[in-house]
Amino acid sequence: MTNQLDHYISNHIKSLYRHKLFSPILYMILLIVLWIIFPIGTILSPKVINEKTSLDKLYKENDRYVSITLTDLKFTGYTQEVLGQTHGYYYYTIQDGCCNIVLLSPKTSEEGLPNINKVTVHAKIQTATKSYHTLLSKIAADLNWTDSGIYGESSSYYISEPGFRYGFSIFLILLFACSGLYAIFSIICYFVYIHFPWLSPPCQQLARFGSPKTLLMQAEEELATLPQLATEDMFITEHFFIEISTDGIAFVPIQEIIWLYKHSTLHKFFWYHFNISYTLCISAKKHLYIQCPKNLKSDIDGIIDYLAEANHDILVGFNEKNRLKVDVVILDEMSMVDCKLFQALLNALKY
């Protein structure tokens, strides 16, 4: 028994955060993969190219967002419609026998100018779609070209100014950055909690009663030597109540507990009732609240009886009378804090 409970709380804290490490690490891997597959970051510094640059090569190298200067653009007579609104105007330019298709925004093209001598735009290189091939066939007919001729002289990619969605891409970049920083922060914290369990949240919530490290060592020593009551995931030692389960880890000095009660939860699927589980609720001084869910009624009743016997000041049972008494205790604590702050302010003013 002693060997099994040696460093029991610390070992469970380490195990808890080892399991939690998996999610942020997996998320970071997913972010990196998405960042590589969808080069959103290049929108911040689009590659500067000219109209003779190979779009095929750029697309394959993930340089999708570019700044390009185009000359001698001619309107094809065709537009791109989205939800009944004109989204862009298709132009073509022929340089060194190569035909490039360009989709310009209504503002840049001034609602479809017949010719544009020169324009510099931020655009996205997009792959050909079925509508793009249909467009090429129509342009070939208008220019008295054959389909094979225009396909041979044009790229399978085209330049789209409306495709350069700056605002949406910035939102995605911020989403990537914020969630990635949060994941990195979580990974760092979890590593710290694994190596220094007393810095973890279950221990740090005891800072209101004293040194978390000291209280953790005391609780572990008492649990390892002589636990006075034990259920499947709840323990009572000489000075501590301890709860260790898959739902969380918590422990609190018995003398700091002011209220105990239980409530039941009916588990059902549609009309079929599976079972009833019970949750032990603990209110302690200095605004510490602990819930121990999914326990047996007999276990909780035994814990409540033992704690009430160990500390006769503990209120037992959920009722209005006890709730009002707890509110009075909390208000008294807040008044004491306000008095201490006021006294500290007076002392500071003296100097």
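Tutor: Asp72 lies in strand β2 (residues 65-82); strands (E, at least two residues) and helices (H or I, at least four) are DSSP runs numbered from the N terminus. The model is predicted, so local features need pLDDT of at least 70 and side-chain atom pairs count only at pLDDT 80 or more, while totals for chains, interfaces and linings use all residues. Residues are numbered from 1 along each chain as its sequence is written, and side-chain values use heavy atoms, leaving out hydrogens and water.

Asp72 is not a glycine, yet has a positive phi of about 55°. Most residues other than glycine have a negative phi. Asp72 is partly exposed, with a relative accessible area of 39% (buried is under 20%, exposed over 50%, partly exposed in between; 1.4 Å probe, protein chains only).

Glu110 also has a positive phi, near 50°. Glu110 is placed in the loop between β4 (98-104) and β5 (115-127) and is exposed, with a relative accessible area of 55%.

Elsewhere, Phe38 lies in the loop between α2 (8-37) and β1 (47-50) and is partly exposed at 47% relative accessible area.

α2 and helix α6 (residues 166-195) pack at an angle of about 155°, their axes 9 Å apart. That makes α2 roughly antiparallel to α6 (under 35 degrees is roughly parallel, over 145 roughly antiparallel, 65 to 115 roughly perpendicular, the rest oblique). Axes are lines fitted to C-alpha atoms, for helices over the stretch in contact, and angles run from 0 to 180 degrees between N-to-C directions.
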